[in-house]
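Student: I have a structure open and want to go through some of its packing. Can we take it step by step?

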Amino acid sequence: MQLRIIQACREAPEKVLASLGTSEEGLTDKKAALLLKRYGPNELAEHKINIWRIIFDQAKDPIMILLFVTGVLSFFLQSVSGGIVICVILALSLAIGTFNEWRSQRTADSLKKRISHSASCLRDGVYSEINVEKLVPGDIVRMYDGEVVPADVRLLKVEDFSCDESALTGESRPAKKSVAPDPDALSVVDCRSCALMGTIVREGSATGVVVATGSQAELGSIACQLASNRAPTDFQIGIKKYSNFLMIVAFIGTLLILIINGLLNKGWISSALFAFSVAIGITPELLPVLVSTSLTAGSRMLAKKKVLVKQLMCIEDLGGVDVLVTDKTGTITNGHISFNSALGPLGADFKGAMLLSAICSDFEVDNEGNVTGGNDLDIALGEAMAEEFGEKAKDIGEKVESFAAFNHITQVEAAVAKDVDSSHPGSWLFVKGAPEKVLDLCKSVPEGAEEFLTSLFKKGLYVIAVAEKKVDWEEGEEEEREIEREDEEEMTLVGYLTFLDQPKPDVSESIKNLRALGIEVKIATGDNALVAQTVCEKIGLPSGPALTNEDFEAMSDEEIWTAMSTTAVFARVTPEQKQRVVSILRQHGRTVAFLGDGVNDALALHKADVGISVDTAVDVAKDAAGIILLDKDLNVMADGVKTGRRIFTNTIKYVNMCTSSNFGGMFSTVGGSFILPFLPMTGAQVLLQNLIYDVAQMVIPGDRIDKDQEAKPTHWDIKFIYRFMVLFGPISSIFDYTTFALMIFFFHAWTNNVPEFHSGWFIESFCSQTLIVFIIRTRRLPFWKSRPSRLLTWCTLGAIALAIAIPYIPVCDGWFGLVPLPAIYFPWLVAEMAAYILLCELAKWWFYKKLWHPAPTVPIGGYPAAKIRRKRRSPQA
């Protein structure tokens with residue numbers, strides 16, 4: 001049976017185990033399988049793709065509503081055929097949007113399923129890592145620092161164990177846990193003997209029994225709330241600003257068209273339908289679909305390169321990254337830590353330091369000599385212990401009476417052990433950790449010990465210091481008393497342990513690739529500054545003077561920002577200081593990616609524009625990240641940046657094309673409304689043109705981009721879009737007015753032949769707004785210096801061919817009012833388009849050469865869009 005957590009916390013552990021039909025030996029695989037069938041997987045309500053929900057979300061879009069209103073009004077007030085045509089266009093637009101959203105959701109779901117959490121579970125008497133979804137009530141689990149509690153758990157054994165329950169209580173300090181029942185507990189907030197599903201282990205370790213899983217867990221929904229609402233990303237802010245800007249332009253233009261045509265006695269109903277249609281044509285209704293298509297395609301491509309994207313918008317922001325802050329171990333170095341030596345304070349070999357350090361470690365050595373538990377340093381030490389001491393290594397843990405797990409603030413861990421060896425009779429307190437911290441705890445340090453320590457750091461060795469102190473605790477007190485920080489004073493330095501973690505062979509090339517993409521690489525590490533600087537020297541990364549924990553305590557944000565221009569290393573930094581690094585960079589306009597895999601990286605991962613973790617990271621780091629790397633490789637990071645920049649660049653192609661052509665079309669329509677005694681184009685014709693245009697541009701996400709577009713960080717710049725629109729929009733209007741003159745004075749398509757006029761402008765305006773994509777997609781000479789993708793070329797030409805062919809389809813006369821044109825029209829069209837392309841190419845050269853001067857790229861705080869971004873947003877907690 002499953003228990004409510006409040007009930008389990010009030011009862012003794014033995015009674016809870018009996019109620020669940022289990023014991024401290026855990027369940028068998030067979031029994032667990034039966035319970036899994038009964039209770040179901042340990043997961044919250046699964047998100048399922050609902051096609052009707054997608055259709056509803058698409059249909060409630062303002063553009064779709066406007067299209068529907070236009071169709072209904074046309075059906076009842078103007079013409080049945082016109083209303084039917086508009087409704088068909090509505091159905092096609094709805095189908096396209098629904099299909100793309102469905103495909104996007106399906107891709108996102110498939111990627112999320114590849115990201116799993118595991119738990120250390122006791123089955124058939126053996127601890128092993130199993131997927132948390134397979135946990136059942138009665139399972140015995142072990143939880144460590146940095147993990148997300150996998151279910152509601154009644155604690156059976158704790159070692160300095162505390163959990164972050166801020167998502168539930170709002171209390172920022174971790175809640176200390178114990179095994180003792182809470183008979184007076186009134187709510188889950190009072191449950192000190194239980195760990196709640198979705199909360200985060202902040203310190204120590206614990207063993208407990210699962211009492212409830214999935215939706216039956218008292219606070220299962222917390223797991224969904226842990227990823228607190230993030231501030232909008234840079235890309236999302238850009239899209240919103242652009243959409244708002246274009247909607248304002250559309251509203252003003254539509255209002256002018258309605259008023260002008262109405263006052264000129266062209267019929268208020270017809271004018272309203274035409275104005276609505278123009279509004280739909282001007283509005284960037286394809287932008288969400290195009291962005292969704294781009295991101296989905298990008299996520300699939302990155303998945304093939306072993307990069308899993310949890311939040312699709314992160315791909316776009318990845319393209320804008322100009323600073324990467326990363327940890328050292330496993331990213332810059334191999335991540336395979338090996339034991340090097342055990343030394344006395346002045347450098348003499350001292351194997352005893354291994355033994356005393358092992359007392360403060362959290363590993364176990366089995367009968368075959370295999371090492372389990374603990375972190376990478378513990379495992380490396382355990383393997384060296386097994387080789388050096390044999391059977392003695394297996395028994396060392398039995399001598400430990402009290403243990404204080406590693407603390408990220410004090411950067412040490414401690415243990416009290418009894419009768420360790422002949423030189424340590426009685427009870428002794430041992431401490432190991434960051435050498436600087438351990439030396440501060442010692443009452444005196446041998447002369448030359450600190451200089452020797454510095455020499456070890458300069459060799460790039462990872463160093464741990466070990467200290468000891470005799471304690472006079474009463475008999476049995478070791479088992480009951482917890483180690484306090486005050487106990488870890490007046491210590492005596494025993495010696496040092498050194499470890500090796502060599503830089504990756506290809507990391508120098510990876511950093512060069514990132515720098516070629518305009519990305520600075522900075523290292524935030526818990527290691528010593530000299531060690532980090534030595535590693536940087538080996539890989540060719542200029543480090544400058546390091547900023548350390550003490551520097552962060554003494555300096556203001558502005559002082560740190562100034563110092564960042566000359567440093568690439570932040571050493572011995574705490575989780576809060578890593579977060580502060582990211583915040584300061586973002587406050588000064590930088591777009592920051594943070595790569596980390598530990599519990600001490602979670603705050604920075606959440607604060608960064610793009611949080612990146614790895615599949616082997618602790619749960620809380622994976623939950624905070626938006627992108628998961630299956631291989632911890634900086635080359636993969638570079639691939640992701642290139643993908644983000646390609647997607648962003650192709651999105652901007654559509655934006656520039658849509659903005660300039662729509663603004664030009666609106667400019668032509670307003671002028672045509674003054675000149676002509678009839679509407680320049682019917683509503684159905686505008687919508688048909690818009691539909692063909694939109695479908696043709698769906699392939700833009702797959703277009704090629706130029707090397708120079710890939711080499712710089714990408715950011716939204718509304719001022720750039722505005723200037724581009726003002727220049728290129730009127731150019732298309734020049735040729736629209738030329739077509740007006742051609743149709744009136746040469747073809748005499750005036751009041752006696754309005755359909756021919758409509759057909760002439762329908763084809764010319766479609767060709768001009770479609771061909772512009774070849775001009776604006778590159779700063780270079782199109783086709784000769786920069787070739788578009790074959791798909792974009794053929795779709796664009798195919799769309800033009802279809803637009804030309806439509807007037808020759810018999811039914812289109814009745815449906816759309818389009819009629820065949822004289823053969824002499826087409827030489828004029830070719831000449832117009834040739835002149836249009838030439839003029840646009842000249843305008844493009846002038847625009848980038850004379851009108852638009854982006855700021856030069858600088859090392860820190862000043863990328864082209866940095867000042868713009870600095871004004872519009874600052875990072876939020």
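Student: At what angle do helix α30 and helix α31 pack, and how are the two oriented to each other?

Tutor: Keep in mind that this is a predicted model. Helix α30 spans residues 754–776 and helix α31 spans residues 790–805, with axes 9 Å apart. Their packing angle is about 175 degrees. Angles over 145 degrees count as roughly antiparallel, so α30 and α31 are roughly antiparallel.

Student: How do the residues of the contact of α30 with α31 divide into nonpolar, polar and charged?

Tutor: On the α30 side, the contact residues include Phe-762, Phe-766, Leu-771 and Phe-774. On the α31 side, they include Leu-792, Ala-799, Ile-800 and Ile-804. Thr-770 in α30 takes part as well, as do Thr-793 and Thr-796 in α31. The division is 12 nonpolar, three polar and no charged.

Student: Is Phe-774 buried or exposed?

Tutor: Phe-774 is one of the α30 residues that meet α31. Its relative accessible area is 6%. Buried means under 20%, so Phe-774 is buried.

Student: What kind of aromatic pair do Phe-740 and Trp-761 form?

Tutor: The structure holds 21 aromatic pairs. In the one formed by Phe-740 and Trp-761, the ring centres are 5.1 Å apart and the planes are at 70 degrees. Planes over 60 degrees apart count as edge-to-face, so this pair is edge-to-face.

Student: Which helices hold Phe-740 and Trp-761, and how far apart in sequence are the parts they tie together?

Tutor: Both Phe-740 and Trp-761 are buried. Phe-740 sits in helix α29, residues 718–746, and Trp-761 in helix α30. The pair therefore ties together parts separated in sequence by 21 residues.

Student: What kind of pair do Phe-774 and Phe-783 form?

Tutor: Phe-783 is partly exposed, at 38% relative accessible area. Its ring centre and that of Phe-774 are 5.1 Å apart, with 50 degrees between the planes. That pair is tilted.

Student: Which backbone oxygen does the side chain of Ser-661 reach?

Tutor: Ser-661 lies in helix α26, residues 634–675. Ser-661 is buried, with a relative accessible area of 9%. Leaving out residues up to four places away in sequence, Ser-661 touches Tyr-693 and Gln-769. At 2.7 Å, its side chain reaches the backbone oxygen of Met-657.

How values were computed. Residues are numbered from 1 along each chain as its sequence is written. This is a predicted model: local features need pLDDT of at least 70, side-chain atom pairs count only at pLDDT 80 or more; totals for chains, interfaces and linings use all residues. Side-chain values use heavy atoms; hydrogens and water are left out. Axes are lines fitted to C-alpha atoms, for helices over the stretch in contact, and angles run from 0 to 180 degrees between N-to-C directions. Helices (H or I, at least four residues) and strands (E, at least two) are DSSP runs, numbered from the N terminus. Angles under 35 degrees count as roughly parallel, over 145 as roughly antiparallel, 65 to 115 as roughly perpendicular and the rest as oblique. Contact means heavy atoms within 4.5 Å. Ala, Val, Leu, Ile, Met, Phe, Trp, Tyr, Cys and Pro count as nonpolar, Asp, Glu, Lys and Arg as charged, and the others, Gly among them, as polar. Buried means under 20% relative accessible area, exposed over 50%, partly exposed in between (1.4 Å probe, protein chains only). A polar contact is a pair of N or O atoms within 3.5 Å; within protein, one must be able to donate a hydrogen and the other to accept it, and residues adjacent in sequence count only if both atoms are side-chain atoms. Rings of Phe, Tyr and Trp (its six-membered ring) pair if their centres lie within 6.5 Å; planes under 30 degrees apart count as stacked, over 60 as edge-to-face and the rest as tilted.
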